[in-house]
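Subject: Structure handover

Hello,

Here is the structure you asked to take over. Please open it first, then read the notes below.

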Amino acid sequence: MSTPTVETHSAALDAVEAGSTKLINVTFRIRRFNPEEHPDPVWVDYQLEMDPKERILDALNKIKWEQDGTLTYRRSCAHGICGSDAMRINGRNRLACKTLVKDVDPAKPITIEAIKGLAVLKDLIVDMDPFFQAYKDVMPFLITSGNEPTRERLQSQADRERFDDTTKCILCAACTSSCPVFWNDGQYFGPAAIVNAHRFIFDSRDEGAEQRLEVLNDREGVWRCRTTFNCSEACPRGIEVTKAIQEVKRALVTRRF
Amino acid sequence: MQIHQYDTVIVGAGGAGMRAAIESTQRSRTAVLTKLYPTRSHTGAAQGGMCAALANVEEDNWEWHTFDTVKGGDYLVDQDAAEIMCKEAIDAVLDLEKMGLPFSRTDQGRIDQRRFGGHSRNHGEAPVRRSCYAADRTGHMILQTLFQNCVKHGVEFFNEFYVLDLLINDGKTAGVVAYELATGEIHVFQAKAVVFASGGTGKMFKVTSNAHTLTGDGQAVALRRGLPLEDMEFFQFHPTGIWRMGILLTEGARGEGGILRNKDGERFMERYAPVMKDLASRDVCSRAIYSEIRAGRGCGPEGDHVYLDLTHLPPEQLDAKLPDITEFARTYLGIEPYTDPIPIQPTAHYAMGGIPTNVEGEVLSNNTDIVPGLYAAGEVACVSVHGANRLGTNSLLDINVFGRRAGIAAAAYADKHDFVELPENPGALVEALVEGLRESTGTESVAAIRRELQESMDTNVSVYRTGKTLQQAVEDVQALKERFKNVSIQDKGSRYNTDLLEAVELGNLLDLAEVLVVSALAREESRGGHYREDFPTRDDVKFMQHTMAYREVAEDGSTSIRLDYKPVVQTRYQPMERKY
């Protein structure tokens, strides 16, 4: 049990423990927007010295704290759990706290802008209300009938595994705001709402699948999905979003779930 | 300025706030004011589980859980409160399951349970499987499940509303005042009952597992309004934060068999806790880690960390039980936890102290009296079920048990009482605060003062403390408070002014850091998370009592902290020497 296993170090561990890394100069090109000051957005460049292992969120904090206090964005946990800081980094939806400088090419300016398809309110802050409304519309809660058991409901490990992937969603909107259908059609539920419907439709304890499928069968529902896989690529939690949408579509046809 | 009226107002939408809201919304007209969107709260970052003596996988009972909680808290726990929490834990877990929480399951389809630090069979005999979990995402699942049920019950949220003041008139709760981030507008919420559930204060430290947003807003508001704060010197340092970053790696990793090792590869916890080993309570493990580092057995070129070793565990087990923390190691360190040990160090994690309440969640204005209509639950509160050191998983339990109790009690109070008249000029204090910051032409920056505060706290008020380091911290914090008066912000606008928000948050952190260090300096003993090298033993004669800290305002407007003490409630357990 107590066999030492730490004598042989990988190069990766050695690199981590060496600590100090050479700082590099990085340009961050941020799309700023403040309608209190100007009706149009404008790109602004910021130069920073960064450790390539730092997060994009660290860069935004450095800019805000050391250069320009007016830069505005949402953030909280800073390690990819709370879903506050989804943004377009070099044209791709990512969480700023889960993207390291070295993950994007720091030799060129790194572009940062608000996620698309939701109204920008200031800098990187968008109006999240339509996103959460779509979530609420799919009835994202366990629906059951009959008397509650005194103990827990039983669920086999296999049944629990069936919907595990979609329980990981942190409602960051990276998927929904990467979806070209969502950009062009203000009424499409968007991938995140469908992911959360999936989470309940395939939960063996739930009895509300028919009601949810009725909602999703609407003309603005799942059928709008064109299977472009943007959402799966965007998901910072690694959820197979497109697959979940396909499973919901199949459930609509077969009524089997 | 807008004025709203609700029977019950809940401040904060993490686990405790939403658990309260689910109850109070069904009984009274309720508004939840939250500075973040609800699912952004730091409850979501909790990983390892929520303990309850379900006995699904081995013999267990709530009395053993109560004993562990009291012992874990180094006998500063109010034992009546701990007993209620551990008894109600069972229903709290079952309630969450019925709300839809996707717990990990046993072969028989029951809620699975695993080992966790300080949780033992029969009063310390051996580790027990008590923690109900969903992989290493238990907090995420609790937060999502509670939000889902808030949607189900139509809970009314005011998102990105930052509560900056509490209104008390003639000793009774009248409402709160909030700043709307989107517009800069000030809103007065008149309410019969108010529940504070606004979370912890971890951002006063540099290396912390806490979110940027955890700035003690509720505690600071209460302190400013003359209410006491209890046991603020007790701050938990979680043993396994990612080295230098502080990101939490769950104790569940050790519950699954993970081992702490020093640079020689030695499983050093065997020397410090022969029975519980790596599953000793958090204060014990964190002190052991720093003892190893001080003895020159730390890892890396600077010898300033140790390893969390998971390499002997099968990759399938890591994938199934610890998927998120292994991903953190890959993302933030670039190492593979299947084959590499993970560099870790203790990370500032949890405030055991807070706004004092009784077991119904009612806030105390002194050792015995309550503030009618005012409630608190979760990390902002001090019931006290955690005493001098919280056991792992008991925070998720606390928010569910006492969040529920506070929600029910607040709605019942609102049902029986009328609105208290608003004081004259209810928004005056907040207007002055906001305008003062916006118009300031001072020369100090928020970021610089915050950095210096965090550095002083990490250096002087960490796992090991002495009178000298604490005195230094008192001087540092008081000097920073002086400088804060001369702080200015760059963003003068009214739309999403997060520059202003950060300044207000820093003001709160400074006020609370002062309470923490003054309380710590006066506590000349070592107990739980508060370890004084100059007073290395527990002193039950002088200090088996809760600290009650009050902010005093002198005639010239200057402020100071006055300390008082409150007896500990003892029922079943006499203090014993604490061994793991």
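Helices (H or I, at least four residues) and strands (E, at least two) are DSSP runs, numbered from the N terminus. On that basis, chain A has ten helices and seven strands.

Two points on conventions. This is a predicted model, in which local features need pLDDT of at least 70 and side-chain atom pairs count only at pLDDT 80 or more, while totals for chains, interfaces and linings use all residues. Residues are numbered from 1 along each chain as its sequence is written, with chains lettered from A and ligands numbered from 1 in the order in which they are written.

**Chain A**

The C-alpha trace spans about 65 × 60 × 35 Å along its principal axes. Chain A has 257 residues, and 48% of them count as buried (20 or more other C-beta atoms within 10 Å of the residue's own, with C-beta atoms placed from the backbone). Two residues are in contact if their C-beta atoms, placed from the backbone, lie within 7 Å. Of the chain A contacts with a separation of 6 or more, 67% join residues 24 or more positions apart.

**Where A meets B**

Chain A puts 50 residues into the contact, and chain B puts in 58. On the chain A side, α1 (11–17), α2 (56–67), β6 (120–122) and α4 (157–162) each supply at least two residues. The most come from α1(A), with four. By class, the chain A side has 20 nonpolar, 16 polar and 14 charged residues. Here Ala, Val, Leu, Ile, Met, Phe, Trp, Tyr, Cys and Pro count as nonpolar, Asp, Glu, Lys and Arg as charged, and the others, Gly among them, as polar.

**Two helix pairs in chain B**

Take α2 (residues 62–72) and α3 (residues 79–99) of chain B. They pack at about 135°, with axes 9 Å apart (axes are lines fitted to C-alpha atoms, for helices over the stretch in contact, and angles run from 0 to 180 degrees between N-to-C directions). So α2(B) is oblique to α3(B) (under 35 degrees is roughly parallel, over 145 roughly antiparallel, 65 to 115 roughly perpendicular, the rest oblique). Residues in this contact include W62(B) and H65(B) of α2(B), and C86(B) and I90(B) of α3(B). The contact has six nonpolar, four polar and two charged residues.

Now α14 (residues 467–484) and α15 (residues 498–522) of chain B. Their angle is about 155°, and their axes lie 9 Å apart. That makes α14(B) roughly antiparallel to α15(B). Among the residues that meet are L470(B) and F484(B) in α14(B), and L506(B) and L521(B) in α15(B). This contact divides into 13 nonpolar, four polar and two charged residues.

Best wishes

Note on methods:
Buried ≥ 20, exposed ≤ 12 C-beta atoms within 10 Å, placed from the backbone.
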